[in-house]
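Let's take a walk through this structure together. Keep the 3D view open and follow along from one stop to the next.

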Amino acid sequence: ADGFEPGRDIAWVSFELQKALCERDQHLDMSELSEAAFDKGTSARQAILRGKPEPGNFNSLCRRYGVAPLLETGIRYLSSGEMRKIIILRGLLQDARLLVLDDPLEGLDRNSRRVVADMLEQAMDNGQQTLLLTRRKKDLLRPVSHILLIEGLHITASGCRDAIEGSDAWRQLFPPLPELPASLPPALPGRARTVAQPQVPLIEAHDICASYQGKTVLQGIELTVQRGQQTAISGPNGCGKSTLLNLVCGENHKAYGQNLKLFGRLRGSGETLWQVKSSFGVVSNQVQAKYIRGWSALEVVISGLHNSIGLYERYGAAEEKAARRWLQALQLGDLAGELFHALSFGQQRVVLLARAMIAYPPILVLDEPCTGLDDYNREWVLRLVDHIVDLTDTHILYVTHLADELPRCINRQLEFILRGDGFYQLRDR
């Protein structure tokens, strides 16, 4: 259009923007330069306004959007779902001629998805020109009038929504899933880990608490996971799901001094942090975001043997063979030499699954593993998780904001429920 300037007239809402804001906030963090230093970093209010004055409807929008209580919180302390809402509101307030939405509903719990969808649809109904990028059919917003299908960087169909949704290209968008491997690669000698005492719970956590900057995130949480339990934990954005995982898996030092036992042993009773972390394989958006440029898919898988983000030491032939076997088993054998950052988002997630399983951990932690995936890769990841449970002794700890999107193997569901005192507790569904 005449006078259209992309840098000025386009507002973007994407995971890349979310990652860039968080990376900038970390880069400017001064709190580690001195023991007395404190830096809450970029506040949610600052991230939304971008240095501009508050519009007249700012407070009402924040209340309706559910972000009013977060405005003075540093973005480094927000959950992924809370941060998602912040950047969507940021995009809506730019008053841009074109609003580009890259999977705007991903990472949101059910209630937040409904609120966000209503706000975006109202903006579109009021004339906001919008380009919606989505990997899932069910996330098409109501006012969308035209659809363009892309597969393998090529346009396969475009036109009015009704015509496209009735076309062969639409029906063929998701091909059949690959065959599952008959067996999984053997563990390297000394790498397979088992729980010695079957009667001892895998995890025992009593009266667990955690707070940041004076804000209590977890209060009085109880969690016990027994052998044979494949456990799912669900709850709204910001309830503390990821914080609880980090405490259990050794990613958060606040676990020390609390009544938390792993495989019958109290945390902080002499075990090393490496021993704690080696008991868990982790697949999450946070782990995926930490793999910057430079490592191949093969190296990412091998790094799972060292509990490291990236590979900083030479590896032997046995480790390479094991990693190649895992990639082959998960239908990614041809991509072993490809750079991890150059793979598709779904391929990266499957590589991380191989990384998590190469050491055969007693517990596989899956923190929102389907976030960002299209329908095809989502179904493939869920099938692989079921297959791992069928063929190994690994237990699943599956965290999601959508309790109805689970692998078949889950036999116990827990949910964060808001108590009368304003804190959450875990209850069986």
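Start at the surface, where Trp12, Leu131 and Leu133 make up a nonpolar patch with about 290 Å² of accessible area together. A patch is built from residues with over 30% relative accessible area and no salt bridge, joining like charges within 9 Å and nonpolar side chains (Val, Leu, Ile, Met, Phe, Trp, Tyr) within 5 Å. The areas come from the Shrake-Rupley method with a 1.4 Å probe, and for residues only the protein chains shown count as cover.

Before going on, a word on the source: this is a predicted model, where local features need pLDDT of at least 70 and side-chain atom pairs count only at pLDDT 80 or more, while totals for chains, interfaces and linings use all residues. Residues are numbered from 1 along each chain as its sequence is written, and side-chain values use heavy atoms, with hydrogens and water left out.

Helices (H or I, at least four residues) and strands (E, at least two) are DSSP runs, numbered from the N terminus. With 42% relative accessibility, leucine 131 counts as partly exposed; buried means under 20% relative accessible area, exposed over 50%, and partly exposed in between (1.4 Å probe, protein chains only).

Now look at how some helices pack. Helix H2 (residues 15-27) and helix H5 (residues 80-92) have axes that come within 10 Å and cross at roughly 105°, so H2 and H5 are roughly perpendicular to each other. Axes here are lines fitted to C-alpha atoms, for helices over the stretch in contact, and angles run from 0 to 180 degrees between N-to-C directions. Angles under 35 degrees count as roughly parallel, over 145 as roughly antiparallel, 65 to 115 as roughly perpendicular, and the rest as oblique. Where H2 meets H5, you'll find Phe15 and Leu21 among the H2 residues, and Met83 and Ile87 among those of H5. Contact means heavy atoms within 4.5 Å.

H5 has another partner, helix H6 (residues 110-125): the two pack at an angle of about 10°, with axes 12 Å apart. That makes H5 and H6 roughly parallel to each other. Lys85, Ile88 and Leu92 of H5 make this contact with Ser112, Val116, Met119, Leu120 and Ala123 of H6.

What about charged pairs? The whole structure holds 21 salt bridges, each a side-chain nitrogen of Lys or Arg within 4 Å of a carboxyl oxygen of Asp or Glu. In one of them, arginine 113 pairs with aspartate 139, the closest N and O atoms being 2.7 Å apart. Arginine 113 is in helix H6 and aspartate 139 in the loop between E3 and strand E4 (146-151), so the pair ties together parts that are 26 residues apart in sequence. Both arginine 113 and aspartate 139 are buried. Arginine 142 and aspartate 125 also form a salt bridge (2.7 Å, N to O). Here, arginine 142 is exposed, at 51% relative accessible area, while aspartate 125 is partly exposed at 47%.

Apart from neighbours within four places in sequence, leucine 384 touches Leu180, Leu330, Val350 and Leu353. H15 also holds arginine 383 and glutamate 379, four residues apart, about one turn of the helix, and their side chains meet in a salt bridge (3.4 Å, N to O).
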